[in-house]
Amino acid sequence: MQVKIIGGHGGVTRNYHATSYLIDESLLIDAGSVASGLDIQAQLKIDHILLSHAHLDHTKDLAFICDNCFGLRDKPFEVHCYKTVHSAVKEHIFNNIIWPDFSTLPTPENPTIRFNEIVDEKTIVLGKYRVTPIHVSHPVLKPNEGMGFIVEKDNTAIVFTMDTKATDRIWEVSKKVKNLKAIFTEVSFPNKLQYVADISDHHTPDTIKEELKKMPKDIPIYLGHLKPNYQELLIQEITDLHEPRLHIMYADDVRYNFD
Ligand SMILES: [Zn+2]
Ligand SMILES: [Zn+2]
């Protein structure tokens with residue numbers, strides 16, 4: 001599996017893009033930068049879009065990929081998300097005020113985008129991929145809506161927590177996954193902003209250090225979702241952990257290959 005980081009950040013600037021990871025060419029995790037970071041030919045090849053949660057840095061480019069690809073595909077983009085994420089995106093983005101409701105355009109029978117509900121720990125098959133969604137701890141609402149994903153194809157499995165603070169269940173399940181090749185998770189704020197990380201349900205380098213103890217052993221860990229305004233400080237603090245498993249995703253438009 002190839003993981004292309006279209007955008008790997010927890011914010012947007014000229015050089016840094018919000019979260020969208022493209023697996024091979026057809027399976028997308030989160031839609032923070034899929035329109036602004038890919039040309040339209042590449043956008044057209046996407047079949048399935050997993051949404052981890054409703055926050056704008058993970059959903060905003062859904063609006064623009066629908067607009068870009070309108071009338072150019074013979075089937076809808078299949079979006080897979082938790083029920084409250086669907087209702088939030090429908091109510092607040094595709095509401096015919098902020099943006100047209102592309103789930104009914106050009107026709108309700110053959111729309112540009114179609115929403116499919118995912119259920120905690122219920123594996124779905126999307127083409128060549130097996131995807132198991134697992135609730136993580138972000139944002140901590142009732143009902144909890146944030147999902148991480150375990151994605152498997154052939155002899156390769158990868159864990160993506162997407163946004164989260166300290167969490168447990170995805171690590172318990174991951175330890176039983178065969179052929180696990182990589183873990184993608186997040187660190188958003190530097191240690192001096194621990195209180196901001198706590199109230200917004202994100203990690204700092206200090207809390208990632210503790211989280212490592214719960215993760216499957218000896219698997220490389222890729223840290224994304226750095227807030228662009230604290231990127232330099234985050235790189236320093238993560239480097240100071242002296243943990244060889246950690247890879248910092250400081251640049252976007254990067255590809256990682258796992259077999
Ligand atoms: Zn985010
Ligand atoms: Zn978030």
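This is a predicted model: local features need pLDDT of at least 70, side-chain atom pairs count only at pLDDT 80 or more; totals for chains, interfaces and linings use all residues.
Apart from its neighbours within four places in sequence, Asp 101 is in contact with Lys 90, Phe 94 and Asn 96. The residue belongs to the loop between α3 (83-92) and β6 (113-117). Asp 101 is buried, because its relative accessible area is 7% and the limit for a buried residue is under 20%.

Next, display the zinc ion (ligand 1). Its protein donors are Asp 57 (OD), His 58 (NE2), Asp 163 (OD) and His 225 (NE2), at 2.1 to 2.2 Å from the ion. Along the chain, these donors follow the spacing D-H-x104-D-x61-H. The angles subtended by the 4 donor atoms run from 88 to 171 degrees, and the arrangement is therefore irregular.

Asp 163 bridges the zinc ion (ligand 1) and the zinc ion (ligand 2), and the two ions lie 3.4 Å apart. Asp 57 is found in helix α2 (residues 56-69), whereas Asp 163 is in the loop between β10 and α4 (169-174); the pair therefore ties together parts that are 106 residues apart in sequence. Both Asp 57 and Asp 163 are buried.

From there, turn to the sheet. Its 7 strands run in the order β7-β8-β9-β10-β11-β12-β13, forming an open sheet with mixed pairing. Which strands stand at the edges? They are β7 (124-126) and β13 (246-248); each has a single partner strand, so one side of each is left without a neighbour in the sheet. On average, neighbouring strands of this sheet are turned by 25 degrees against each other, direction ignored.

Within the sheet, select strand β9 (residues 147-153) together with strand β10 (residues 156-160). These two strands pair in the antiparallel sense over 5 bridges.

Now colour the nonpolar residues. The largest nonpolar core has 50 residues, of which Val 151, Phe 160 and Phe 184 touch the most other members. Helix α2 gives the most to this core, with 5 residues. Centre the view on Phe 184: leaving out residues up to four places away in sequence, Phe 184 touches residues including Val 3, Ile 5, Tyr 21, Ile 158, Phe 160, Met 162, Tyr 222, Met 249 and Phe 258.

Finish at a second, separate core of 23 residues, where Ile 134, Val 136, Met 215 and Leu 234 are among the members.

Note on methods: Residues are numbered from 1 along each chain as its sequence is written. Chains are lettered from A and ligands numbered from 1 in the order in which they are written. Side-chain values use heavy atoms; hydrogens and water are left out. Two strands pair if DSSP finds at least two bridges between them. Helices (H or I, at least four residues) and strands (E, at least two) are DSSP runs, numbered from the N terminus. Axes are lines fitted to C-alpha atoms, for helices over the stretch in contact, and angles run from 0 to 180 degrees between N-to-C directions. Donors are N, O and S atoms within 2.8 Å of the metal (3.2 Å for Na, K and Ca); water is not among the atoms, so sites may look incomplete. Four donors count as tetrahedral if all angles lie between 85 and 135 degrees; four count as square planar and six as octahedral if opposite donors are over 155 degrees apart and all others between 65 and 115; anything else is irregular. Buried means under 20% relative accessible area, exposed over 50%, partly exposed in between (1.4 Å probe, protein chains only). A nonpolar core is a set of buried Ala, Val, Leu, Ile, Met, Phe, Trp, Tyr and Cys residues joined through side-chain atoms within 4.5 Å. Contact means heavy atoms within 4.5 Å.
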